[in-house]
Each structure stands twice: as structure tokens, then as C-alpha cells.
Amino acid sequence: MIPEFEYAPYVWTSYGIFAIIVAWQVIQPLLKRRRLKAELREEQALEEGDYSHDAQT
Amino acid sequence: MIWHNIKVGFHRLGSPPVFHRLCRVVAPWLWAGAAICAAFGLYKALYLVPPDYQQSDSFRILYVHVPAAWQAMAGYLVMSVLAVIALVWRIRTTEIMAMMGAPIGAAFTLICLATGSIWGRPMWGTWWAWDARLTSMLVLLFVYLGIMGLYAAFEDKRKGARVACILILVGLVNIPIIHFSVEWWTTLHQGSTISFFGESSMDSSMMPPLIWMVIATKLMFGAALLDRSRNELIEQDRRKGWVRQKLGASA
């Protein structure tokens, strides 16, 4: 029993907003962790005297 | 003996590597649980539950609106407990968790306000009204944003967390205002229809999807909190040996 046409835009927009914001809660930490890992690897490489990471960026 | 073990376990969580491991192991399970509960809840909410006799299908919005509203408030209570622990015992992992709860709480508050507004348009004939429930919920969003801003404003993260923890406790006064606003003032927003201790005015056939969605949002909050706390811990401890060691494997 899917929402009637009269109210369908309201219902689906609400569920869409819910889905987008929840998806962002999943994706945001993953993206941040990936960025952090890349930064830390670069820092570690620079400390060890390997400048190849720096040249790539 | 059991009490001693609980106490030791609690203190061990103050250790960043232990806390990091806990976040890494537990968060995926919480996300999986949230996905399963949300799948059940959404299926029932959109396909199985019959339309309301007055509001027709528009009432289905409550299955995302109410769990988000409850989680926005429950999240704040969790942050308040963490803030007290952080201020009294100065446990850094607890400070981090208290701070990382704010963007998640703000997200649920935003869902609540947006879906409430969308529901209000066909039912009340307006997107927004400055009534006590809506306004106090908007204040909650600003409190969450204030906590995030205050924490970000300090270069010394620990100092920032302590100041923001005090703001969390000040903002706690808004939670009973939100809850009782529909009783204290005449509001456009309806009164409570669901009661845990008394009889609910909501039909029992409409309850199961709500329960599934409420559990799903609780698990989502927990999972997102652990994920964000883990990242913040890595960022703060980026120069420490345990992070460098973990980076060798997987941070």
C-alpha cells in the first residue's frame, strides 16, 4: 500500500531527506578517515625522507 | 567480582588504543543492525500499514519524523551524561564522544524539523509556525550548532571540549521544555499520542514500524558516534606511536 498520489510528494520527500542525511552520517566518517590516513602516510613518508608523496601532490 | 570487572573495563575504555579498537569492531555491527531494523520499519511503514482515516497517507511521515525527534533529544541526554563524566573524571575519550554527538544530534534535529515542516504543509496549511514545540526544537538545533562551533573555535581541543561540555549542560534545560511544551502551552503541534506507561492514542496496528524505526535510529546514532569518535581520536593522536603503529596495518 504505497502513499496516495495526493500526499506522495510530501511522503517521499520526507523519506528522501531522511535517507540523504543518514547516508551522509555513514559516508562522512569514511571519507574523513580516508583523508586522515592519506595525510598520516604522507607525514610519515616525509619524516622518513621519502619525498615521492610530496611530489605527487 | 563482576562489579570489579565492569569497573576495570570502564577504565580501560579511557585508553585510546582500546577505545579505538572498540569503535572499529562495534560500529559496523551497529550499522548492520540499523540497516536491518530500518529495512523492516520502512517496508512496514510504506507498504503494510493502512492509511490513517483522517490524514490518509501523509501520516506515514511520522515514521521518520518521530524517531528522528526522539533521537535528537535522546542524543542530547547521552551527550549530557558524557559531558558530566568528562568534566568530573577528565576522561579524554568521553570528551571526544560528547563532542562528536553534536553533529549527529544536529542531523536528527534537522530531519525532525524538515519532515515536520513537510507534514505541516498539507495538514496545517503552513510550512512553519512559531509554536512552542517547533520553536524549542529549532533552539535545540542552534544549541547543537553552538556546541560544534564552540569546540571548533579552540585550538586546544581539550580546553574546547571542556567549555563545550559546560554548554551542553546549560542547554540541557531545553529538553524538558521540548517534551512538555505541548502541555505547558497551547500549541499547533499535537500532544503526545504515544505513551510507554499509559495507553497510546495511536492504533496498535501502526506501532510496529515505529518501534523498528526508533531502534534503527538509536543504532544509527551509536554507530555514527563511534565512527566519528574514532576519527577524532586518530586526528588528535596523529603524532603518537599507537596511531603510527595502527597506520601500518589499518588505522
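Predicted model: local features only at pLDDT ≥ 70, side-chain atom pairs only at ≥ 80, totals over all residues.
Chain A contains two helices and zero strands. It has 57 residues, of which 32% count as buried. Its accessible surface amounts to about 3700 Å², and carbon and sulfur atoms account for 61% of that surface.

In chain B, the discussion may start from the pair formed by α3 and α4. Two packed helices are described by the angle between their axes and the distance between the axes. Helix α4 of chain B spans residues 92-124, and it packs against α3(B) at an angle of about 160 degrees, with the two axes 8 Å apart. Angles over 145 degrees count as roughly antiparallel, and α3(B) and α4(B) are therefore roughly antiparallel to each other. The crossing in which α3(B) passes α4(B) is left-handed. The residues of this contact comprise 15 nonpolar, eight polar and one charged.

B:Gln71 is placed in helix α3, which covers residues 62-89 of chain B. Its relative accessibility is 2%, and because buried means under 20%, B:Gln71 counts as buried. Apart from residues up to four places away in sequence, B:Gln71 touches B:Phe108, B:Thr217, B:Lys218 and B:Phe221. B:Ala86 also belongs to helix α3 of chain B. With a relative accessible area of 0%, B:Ala86 is buried. When residues up to four places away in sequence are not counted, B:Ala86 touches B:Ile91, B:Thr94, B:Glu95 and B:Cys165. Between the C-alpha atoms of B:Ala86 and B:Tyr144 there are 18 Å, for a separation of 58 residues along the chain.

B:Ser56 lies in the loop between α2, residues 16-48, and α3 of chain B. Although B:Ser56 is not a glycine, it has a positive phi of about 55 degrees. Its relative accessible area is 12%, so B:Ser56 is buried. B:Arg90 lies in the loop between α3 and α4 of chain B. B:Arg90 likewise is not a glycine, and its phi is positive at about 55 degrees. With 48% relative accessibility, however, B:Arg90 counts as partly exposed.

B:Ala98 counts as buried, at 0% relative accessibility. Leaving aside neighbours within four places in sequence, its contacts are B:Met79, B:Leu82, B:Ala83, B:Cys165 and B:Ile168.

Helix α6 of chain B, residues 157-171, packs with α4(B) at an angle of about 60 degrees, with the axes 10 Å apart. That angle makes α4(B) oblique to α6(B). The crossing of these two helices is left-handed. By class, the contact of α4(B) with α6(B) has six nonpolar, no polar and four charged residues.

A further helix pair in chain B is formed by α5, residues 132-153, and α7, residues 174-184. Their axes come within 8 Å and cross at roughly 160 degrees. This crossing angle makes α5(B) roughly antiparallel to α7(B). The handedness of the crossing of α5(B) and α7(B) is left-handed. From α5(B), the contact involves B:Ala132, B:Arg133, B:Ser136, B:Met137, B:Val139 and B:Leu140. From α7(B), the contributors are B:Asn174, B:Ile175, B:Ile177, B:Ile178, B:His179, B:Ser181 and B:Val182. These residues divide into eight nonpolar, four polar and one charged.

Note on methods. Residues numbered from 1 in each chain as written. Chains lettered and ligands numbered in written order. Heavy atoms only, no water. Helix = DSSP H or I, 4+ residues; strand = E, 2+ residues; numbered from the N terminus. Buried < 20%, exposed > 50% of the residue type's maximum accessible area, 1.4 Å probe, protein only. Contact = heavy atoms within 4.5 Å. Axes fitted to C-alpha atoms, helices over the stretch in contact; angles between N-to-C directions. Parallel < 35°, antiparallel > 145°, perpendicular 65-115°, else oblique. Left-handed = near helix turned anticlockwise from the far one by under 90°. Nonpolar A, V, L, I, M, F, W, Y, C, P; charged D, E, K, R; others polar. Areas by Shrake-Rupley, 256 points an atom, 1.4 Å probe, with all protein chains shown as cover.
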